[in-house]
Amino acid sequence: MTTDIRPAVSAASAGEGSSLARGSSDINAATRSEGGQGVDAVVSVRSLNVYYGSFHAVTGVDFDVPRNRITALIGPSGCGKSTVLRSINRMNDLVVGARVEGQIFYHGIDICSPRVDPVEVRRRIGMVFQKPNPFPKSIYENVAWGARINGIKGNMDELVERTLRQAALWDEVKDKLKESGLALSGGQQQRLCIARTLAINPDVILMDEPASALDPISTLKIEDLMRELVRSYTIVIVTHNMQQAARVSDQTVFFSLNERRQGVLVEASPTRDLFTKPQDQRTEDYITGRFG
Ligand code: ADP
């Protein structure tokens with residue numbers, strides 16, 4: 001039996017508990033409280049462990065991702081930030097040898113369940129990668145593709161314009177929509193990839209070091225865009241740049257390595273608190289540059 005991603009109300013009224021419909025595209029934003037999920041948490045990670053073959057890369061991770069907030073995952077290289085991020089939309093399913101244990105509740109539904117369709121999860125929880133990766137197609141087609149796979153019909157020109165405006169790219173590309181997305185600058189390509197993700201109509205956007213390949217001005221544009229987008233979406237960002245986490249995020253989750261070189265969550269706090277009054281000595285050592 002497969003599991004439905006469908007509006008929480010109908011799933012509840014159908015009496016199916018955490019039922020996610022394979023192939024359905026109508027998860028709504030209603031929140032059900034399950035698995036200890038807080039009222040405002042869109043995603044709740046519980047007892048997450050990730051293995052690559054016999055290597056136990058991440059152990060015992062718990063945190064909540066609040067709605068309409070930016071959550072930054074920080075910590076030294078190799079502590080499992082990207083691994084945790086990839087778990088949130090089942091991207092680790094695509095990594096050979098990766099195994100995920102634990103629960104990740106999305107609107108109260110455990111998306112780690114084998115009954116949940118990972119394609120549907122990725123439609124609702126989109127991802128933007130470190131290196132901009134537009135398709136070798138026109139700017140227009142890069143955005144329209146997302147809408148088409150989401151089954152959106154209607155006026156595609158309007159949708160492409162609206163989405164490019166949302167991604168703060170419209171003014172720069174409106175006269176060259178038929179040109180290749182690959183002809184844009186790195187920063188523009190990244191905003192095009194964000195537009196492509198938005199066109200799929202997610203409610204959570206995962207970003208894996210989205211600005212690390214960009215120059216400082218393009219980086220600030222991406223950060224401004226994130227602050228704008230978070231009014232409508234929930235964002236989780238991995239960054240190796242502490243200043244960036246401090247500038248853009250509302251909540252910061254700090255990871256470190258334990259004595260067995262496994263990634264562990266040390267502290268999840270409001271960003272201002274984490275950088276001004278960290279609760280853990282390891283956090284303090286990291287943010288003051290004593291290690292990492
Ligand atoms: P971070 O994002 O914090 O730098 P990662 O999540 O990339 O950390 O990696 C965490 C650990 O898992 C590291 O030891 C890394 O070498 C290992 N790892 C990541 N991806 C793979 C993979 N595909 N196969 C094997 N080991 C991996």
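I looked up burial first, and in this predicted model buried residues (those with 20 or more other C-beta atoms, placed from the backbone, within 10 Å of their own) make up 45% of the 292 residues in the protein. Local features here need pLDDT of at least 70 and side-chain atom pairs count only at pLDDT 80 or more, while totals for chains, interfaces and linings use all residues. Residues are numbered from 1 along each chain as its sequence is written.

I then listed the secondary structure and found 11 helices and 10 strands, taken as DSSP runs numbered from the N terminus (H or I of at least four residues for helices, E of at least two for strands).

I turned to strand β7 (residues 204-208), where 5 of 5 residues are buried. V204, L206 and D208 point one way from β7, whereas I205 and M207 point the other way. In a regular strand the side chains do alternate between the two faces of the sheet.

I checked the neighbours of β7, counting strands as paired if DSSP finds at least two bridges between them. Strand β6 (residues 125-128) pairs with β7 in the parallel sense over 4 bridges, and I125 has V204 as its bridge partner. Strand β8 (residues 234-238) runs parallel to β7 and is joined to it by 5 bridges, with V236 as the bridge partner of L206. From β7 the chain crosses through helix α8 (residues 216-229) to β8 in a right-handed β-α-β crossover, that is, clockwise from the first strand over the helix to the second when the strands point away from the viewer.

Conventions. A residue is buried if 20 or more other C-beta atoms lie within 10 Å of its own, exposed if 12 or fewer, and partly exposed in between; C-beta atoms are placed from the backbone.
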